[in-house]
Amino acid sequence: MSTHFFGLKDWNFQYSHSLGRNEFGGTGFRNPVDMVVSADDVVYVVNRSREDRPDGVRVTMVTLEEDFIGEFGAYGEGDGESIWPTAVALDNEGNVYIADEFLNRISVYTKDGDFIRKWGKAGSANGELDRPAGLAIDGQGTLYVTDSRNHRVQKFTLDGKYIGTFGSFGSEPGQLNMPWGITLDKDGLVLVADWRNDRIQAFTPDGEWQASFGSSGTGIGEFNRPNGVAVDKDGLIYVLDWLNDRVQILNPDGRFITALHGEHQLSRWGKDKLLSNPDMIEQRALAFTWDQGAFEKRLSDPCAVKVDDQNRILVLENTSGRIQVYQKTDTPVLV
């Protein structure tokens with residue numbers, strides 16, 4: 001007879017589907033860098049595009065069923081415009097916050113993409129920014145910003161008033177070297193992807209160091225320039241292991257569970273594009289002859305990972321211009 005040990009879980013992570021294709025406008029993404037999922041399942045995807053095609057800089061709004069809602073933003077320095085967008089976050093009212101590492105500012109929009117305000121100033125003093133890279137907002141309305149080239153995390157009110165800072169340059173516990181992605185867990189801990197130190201660090205909201213895990217490499221629990229981090233409602237940690245082209249999934253104490261390497265299948269938008277372009281169908285067929293589609297399935301320059309309240313894991317890919325969606329399920333462990 002099998003015995004159930006209640007409280008122990010056997011997690012499963014199953015590929016569901018993909019969203020997106022490479023496009024400079026409309027139904028697709030172009031060199032996306034970050035995304036966020038709203039409470040009503042709208043995905044906001046920040047597109048950085050290319051230096052030679054600034055017309056692709058924008059925010060795309062799409063449902064998880066790949067229904068195109070719209071887009072907003074453009075290339076430039078004016079209100080509602082961006083040069084090098086890096087990150088996106090939502091507040092409790094659904095307003096959208098976009099960080100720009102070239103302009104060293106934060107721009108704020110309504111959930112429909114109407115510009116509200118902007119703030120930020122280049123520099124290294126308190127409240128000034130040098131290439132902001134990641135954003136996270138807590139339930140009390142505090143905005144956390146990874147201030148990458150100042151090697152710190154800064155806290156602001158939602159209208160840009162400086163609250164505090166933590167972190168300094170270095171590799172010791174609590175120190176940072178070009179921090180990038182940032183997230184908050186259900187208990188309020190702040191997790192930071194410490195990019196050049198190849199590790200994840202956890203802090204209290206006041207910046208007190210709690211833990212570090214990870215080291216440089218390609219093995220289990222090792223990272224090569226981690227640029228994103230997410231935590232689900234069970235406390236599992238998802239590390240976007242950028243140059244290793246994978247997402248590592250860890251227990252709350254940092255122990256390795258498994259890794260996602262990519263299981264992409266052609267999205268609805270992708271199928272529509274192929275059907276309208278016979279030459280692309282032929283090119284794709286040749287590629288499949290070469291490697292049976294293995295290259296297309298794999299993650300390619302993954303740049304953001306998010307987990308929603310339904311345990312859906314979204315992995316955004318910069319080069320491939322798509323999102324791979326996975327579903328986490330759990331069952332009691334049988335012993």
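Tutor: Helices (H or I, at least four residues) and strands (E, at least two) are DSSP runs numbered from the N terminus. The model you see is predicted, so to speak with care: local features need pLDDT of at least 70 and side-chain atom pairs count only at pLDDT 80 or more, while totals for chains, interfaces and linings use all residues. Residues are numbered from 1 along each chain as its sequence is written, and side-chain values use heavy atoms, with hydrogens and water left out.

Student: How many cavities of 30 Å³ or more does a search of the whole structure find?

Tutor: Rolling a probe the size of a water molecule over the atoms shows where empty space is left. On a 1 Å grid over the protein atoms alone, a cavity is a set of points where a 1.4 Å probe fits but cannot get out, a pocket is an open set with protein on both sides within 12 Å along at least five of seven lines, and lining residues have an atom within 4 Å of a point. In this structure the search finds two cavities of 30 Å³ or more, and the largest cavity holds about 140 Å³ of space.

Student: Which residues lie nearest the centre of the largest cavity, and which element gives the most to its lining?

Tutor: Of the 17 residues that line the largest cavity, Asp34, Gly181, Ile182, Asn227 and Lys306 lie nearest its centre. S2, S8, S12, S16, S22 and S26 each supply at least two lining residues, and S26 gives the most, with four. By class, the lining has ten nonpolar, five polar and two charged residues (Ala, Val, Leu, Ile, Met, Phe, Trp, Tyr, Cys and Pro count as nonpolar, Asp, Glu, Lys and Arg as charged, and the others, Gly among them, as polar).

Student: What lines the second largest cavity?

Tutor: The second largest cavity, with a volume of about 60 Å³, is lined by 13 residues, of which Arg58, Val59, Gly73, Ser82 and Ile98 lie nearest its centre. S3 and strand S4 (58-63) are the elements that give two or more residues to this lining, which by class has eight nonpolar, four polar and one charged residues.

Student: What volume does the largest pocket have?

Tutor: A volume is the space filled by probe spheres set on grid points, which are joined across faces, edges and corners; for the largest pocket this comes to about 1200 Å³. Among the 43 residues that line the largest pocket, the closest to its centre are Val36, Val37, Leu90, Val307 and Asp309. The strands that each supply at least two residues of this lining include S2 (32-37), S3 (42-47) and S26 (302-307), and the lining has 21 nonpolar, seven polar and 15 charged residues.
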